[in-house]
Amino acid sequence: MKLQNKIALITGAARGIGAATALKFAQEGATLVACDIHEDILQDTLRHCRDAGVDAIGLAANVTSRASMDTAVQAALAQFGHIDILVNNAGITRDARLEKMTEDQFDAVIDVNLKGVFNAAQAVLPGMLARGSGVILNASSIVGLCGNFGQTNYVAAKAGVIGFTQTWCRELGPKGIRVNAIAPGFIQTPMLDSIPDTVLTRMRDQVPLRRLGQPEEVANLYAFLASDEASYINGAVIEVTGGLRL
Ligand code: NAD
């Protein structure tokens, strides 16, 4: 098992890619700290992780609040002593074309998808620095590399996450902490629920594999990057897109 004896904190772990990643990490032997604003559905994630035979706790934590993330990290440290892996997965969309995007839509996405990554990373960092080791994995997106119609806010955040990854790679690499980003394409999760079927079909047709990705296919890469098998992978932005380039 790739992640035996590792302790991982995952944000946005209640559903979608975050839930699949929590389960994959559990199957690879990791102890889980699953965080989300939706504490009710987080219980499903916890049950699946425990069924895989590992210790897992769930914490109601909002990545937009530094205080909330500090509290969650303190609770995790009190329970397990340290955190080896942070997966900055929580994310939202509030799509609109530039001329129609409201300030609220812009701020909400930047707050969760960009500032939330900063908040969580700063909250776990003192412990990782003290131990001289750690792994931080950030959820970017293929659109952070290519742009996308109707996603000024989301694309800015996901491009910003790539900037974080490259900067933290330089700052934290010498201190024993690896930082990488994943850039998924179209993955079948509740995030896509609001997209009309006709648009989904068009999206699927753009993918050389002619299908949407499954959350587990992203989780597999997170598990590899979190493990010691990826010990020389640092500052990378790895696409999980079925070959899509927008
Ligand atoms: P999802 O909507 O299914 O799940 C997101 C999770 O984040 C939810 O459980 C939600 O409750 C949680 N969350 C939202 N706001 C939060 C907050 N403020 N604090 C803590 N948790 C919060 O989405 P998903 O498709 O699983 O996406 C996961 C990540 O992958 C996101 O960062 C997303 O941008 C990224 N991504 C997804 C796709 C895709 O096609 N699904 C593509 C590229 C990137």
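View A. The model is predicted: local features need pLDDT of at least 70, side-chain atom pairs count only at pLDDT 80 or more, and totals for chains, interfaces and linings use all residues. Residues are numbered from 1 along each chain as its sequence is written, and side-chain values use heavy atoms, with hydrogens and water left out. Asn119 belongs to helix 4 (residues 103-131); helices (H or I, at least four residues) and strands (E, at least two) are DSSP runs numbered from the N terminus. A polar atom of the Asn119 side chain lies 2.8 Å from the backbone oxygen of Val63. Such a polar contact is a pair of N or O atoms within 3.5 Å; within protein, one must be able to donate a hydrogen and the other to accept it, and residues adjacent in sequence count only if both atoms are side-chain atoms. Not counting residues up to four places away in sequence, Asn119 touches Val63, Thr64, Ser65, Arg66 and Met69 (contact means heavy atoms within 4.5 Å).

**View B. Asn113, also placed in helix 4.** The relative accessible area of Asn113 is 1%, so the residue is buried. A polar atom of its side chain lies 2.9 Å from the backbone nitrogen of Ile92. With neighbours within four places in sequence left aside, Asn113 is in contact with Ala90, Gly91, Ile92, Tyr154, Ala157, Lys158 and Val161.

View C. A backbone N or O atom of Ile17 lies 2.8 Å from an oxygen atom of the ligand. For His38, a polar side-chain atom lies 2.9 Å from an oxygen atom of the ligand. For Gly185, a backbone N or O atom lies 3.3 Å from an oxygen atom of the ligand. The ligand taken alone exposes 830 Å², of which the protein buries 96%; accessible areas come from the Shrake-Rupley method with a 1.4 Å probe, and for residues only the protein chains shown count as cover.

**View D. The one aromatic pair found in a search of the whole structure.** The ring centres of Phe164 and Trp168 are 4.8 Å apart and the planes are at 15°, so the pair is stacked. Rings of Phe, Tyr and Trp (its six-membered ring) pair if their centres lie within 6.5 Å; planes under 30 degrees apart count as stacked, over 60 as edge-to-face and the rest as tilted. Both Phe164 and Trp168 lie in helix 6 (residues 152-172), four residues apart, about one turn of the helix. Phe164 counts as buried at 18% relative accessibility, and Trp168 counts as buried at 11%.

**View E. Arg178 in strand 6 (residues 177-184).** Arg178 is buried, with a relative accessible area of 10%. Leaving out residues up to four places away in sequence, Arg178 touches residues including Gly134, Val135, Ile136, Leu225 and Asn234.

**View F. Asp55, in the loop between helix 2 (39-51) and strand 3 (56-60).** Asp55 is partly exposed, with a relative accessible area of 45%. With neighbours within four places in sequence left aside, its contacts are Ala30, Thr31, Leu32 and Phe80.

**View G. Asn5 and Arg210, two residues with positive phi.** Most residues other than glycine have a negative phi. Phi of Asn5 is near 70°; Asn5 sits in the segment before strand 1 (7-11) and is exposed, with a relative accessible area of 68%. Phi of Arg210 is near 60°. Arg210 is placed in the loop between helix 7 (197-206) and helix 8 (215-226), and counts as exposed at 51% relative accessibility.

Terms used: Buried means under 20% relative accessible area, exposed over 50%, partly exposed in between (1.4 Å probe, protein chains only).
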